[in-house]
Amino acid sequence: MDKFVLYLIGSFFVIGAIDYITGNHLKLGGKFEEGIKTMGALGLGMIGILSLAPIFTNFLSTEIIPIFRVFHLDPSIVPAAFLAVDMGGYQMANELALTEQMGAFSGIIIASTLGATISFSIPVALGMLSKEDEKYFSKGVLVGIIAIPIGCLAAGLWQQININILVWNLVPIFVFAIILGVGILKAPHVFIKVFNVFGKLIMTLSTVGLLLQGIDVIFGVRLVSGLAPLSESTVIVAKIAFVLGGAYPMLALINRIFKNSFKEIGEKFGINSVSVAGVLGGLASNLLIFGTFKEMNPKGKVVCTAFGVSGAFVFGGQFGFVSGVAPEMLGAFIVSKLTAGIISIVLAAWLYDRENKEINLKENGGISNEYQG
């Protein structure tokens, strides 16, 4: 499964490149170019934080490992729960893990779902959405976070981790996800401020790491020892961009072929065509969801947010990262994302309809304008 998906995306990379050279007649060359051009944005957001990862790991190892050993928990779950897989979560988890298997599980699976939600999805989305849409976003995040531990469990079983070890190490993730979800639902403004601050902190640290690497490269002066080699992070960024150069044309062609089918599916779920396109785009990046959020109907906003939190990036930047650092984990990665993503879509649609029905009953059969799709 790992190699099949990677080779499939690689085939579209070749097709997209050829179409780009020959004049974009298949309308795939433009998508190929779009994927390759992400290299700059990826470098800005990733090189710095990846460079600083060894320094943070050394600090965490002295503070966390002794405490977690007392409870027989793997310390790798801590950075993985807060940092995205491609924003230092993988490197830190791998270094802190007590076993190679748990390092891969935490660094790839937990970091690509919960870690990505905390350090990227929520802070970035809140900077893109209007105040009016925050209520739909909060409900979607709640559902998406609930689905994440289920996806992690499925991936751990796929990875054949001992069931007792797996469940015990997922207990903190379940508890954290519940606290986070309830907090977002009950006190959204407080949590929004916290996520905004955390997101800005991550970006600031990334810029500082980039600055330190730039000074080293340009002036030959290393101000801080312990930085990861620049070659490591730049190779990772390049590999991600190459994968996106194939993933974007692949998703574009799938959308073109199955456009009518997707529209019918959307009608059955009660979401508009923009929302359906958002879910499909979310397979590459949830930025495609939040960028068209205002055009979605209310139910679509909740459903797309839920998927954007739990299932996004499965064939996007994160896929590219995993294929570069741990290709043997691609199967577990895909399983975790699709399991959590599908569950979140179904659960979000069901909860929305249930809430809408209760509101209608309270209004004696009337339909609330706020919840009309």
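Modeller: By relative accessible area, computed with a 1.4 Å probe on protein chains only, a residue is called buried under 20%, exposed over 50% and partly exposed in between. The model is predicted, so local features need pLDDT of at least 70 and side-chain atom pairs count only at pLDDT 80 or more, while totals for chains, interfaces and linings use all residues. Residues are numbered from 1 along each chain as its sequence is written, and side-chain values use heavy atoms, with hydrogens and water left out.

A salt bridge here is a side-chain nitrogen of Lys or Arg within 4 Å of a carboxyl oxygen of Asp or Glu, and the structure holds 7 of these contacts. One of them joins the side chains of K31 and E34, at 3.5 Å from N to O. Both residues belong to helix α2 (residues 29-36), where they are 3 residues apart and therefore separated by about one helical turn; helices are DSSP runs of H or I with at least four residues, numbered from the N terminus. K31 is partly exposed at 31%, and E34 is likewise partly exposed, at 36%.

In the pair of E134 and K131, the closest N and O atoms are 3.9 Å apart; E134 is buried, with a relative accessible area of 10%, whereas K131 counts as exposed at 64%.

A further salt bridge links K139 with E355, with 3.2 Å between the closest N and O atoms. Because K139 lies in helix α7 (residues 134-158) and E355 in helix α16 (residues 330-362), this pair ties together parts that are 216 residues apart in sequence. E355 itself is partly exposed, with a relative accessible area of 28%.

How values were computed
Helix = DSSP H or I, 4+ residues; strand = E, 2+ residues; numbered from the N terminus.
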